[in-house]
Amino acid sequence: MQPGLWLATSTLAAVLGLALALLEDGVCRAPDGKNGFPGVPGLDGRPGQKGDVGEPGKSAQRTGIKGLKGDTGEPGPPGIPGDKGYHGLNGFPGIPGEPGPKGAKGKAGNILDQPRPAFSALRRSPASNGKTVVFDNIITNQESSYNPQTGEFTCRFPGLYYFAFQVVSSGDLCLSITKNREHVVSFCDYNSHDILQVNSGSSVLSLAVGDQVSVSTDSARGNTIYSGSEADSVFSGFMLFPQMG
């Protein structure tokens, strides 16, 4: 191909390509121009939605110098009273006080005005009262404190009392002085010859009002009490000192 023909052909193809490009979609469009100048800024848009809470920031190291302590402020108003607390522990006893003045001398007492309960009773033909030995025949009974039906002495005036018994036996015999049905002292006499023997005992007891004293047997160790006219069994008691105060 000749150079002139090739140039003409190339030029024609370029023109036809440009023509086809202009006629695409049926619109005649000129070549793109240069970029224009920036436009005027538009109006602010609407506020966006609130974002999520961010992570806590790290504590910064204190770098400043601590200042001087300030002046004490004015006292605030009293607060509302709190609940009542628990009781504290008891404190130590205080120092004893000085002795008080001596009291006036009392009136002289009269021993005849003091109660003097005393009794003595012997055993004849008493009714049975369990383990209690009944001395049914009254010899003396001041203040009527001894009961010949039950064999019991009942305290009406507190104080120290002395009690004693002498009981005749024809065999083994163990006796106790009891206070309110409780054994205080016991005495035993073992008789293998079947002769009359005396089992005796005594004691001093501190009694309060209502306390009862009697003599009782012990069937497991012997309770053979003689009943006859050859010898008597006796139970006695009386006040030694009344309780003071």
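Author: Buried means under 20% relative accessible area, exposed over 50%, and partly exposed in between (1.4 Å probe, protein chains only). This is a predicted model, in which local features need pLDDT of at least 70, side-chain atom pairs count only at pLDDT 80 or more, and totals for chains, interfaces and linings use all residues. Residues are numbered from 1 along each chain as its sequence is written, and side-chain values use heavy atoms, leaving out hydrogens and water.

Reader: Is F241 buried or exposed?

Author: F241 lies in strand β10; strands (E, at least two residues) are DSSP runs, numbered from the N terminus. Its relative accessible area is 53%, so F241 counts as exposed.

Reader: Which strand gives the largest share of the nonpolar patch?

Author: The patch consists of L160, V204, F238, L240 and F241, with about 430 Å² of accessible area together (Shrake-Rupley method, 1.4 Å probe). The largest share, three residues, comes from strand β10.

Reader: How far from D189 is the nearest side chain of opposite charge?

Author: D189 lies in strand β7, residues 182-189. Lys and Arg count as positive and Asp and Glu as negative, with His and the chain ends not counted. D189 is buried and has no salt bridge; from the nearest side chain of opposite charge, R221, the distance is 12 Å.

Notes. Helix = DSSP H or I, 4+ residues; strand = E, 2+ residues; numbered from the N terminus. Salt bridge = Lys/Arg side-chain N within 4 Å of Asp/Glu carboxyl O. Patch = residues over 30% accessible without salt bridge, like charges linked within 9 Å, V, L, I, M, F, W, Y side chains within 5 Å.
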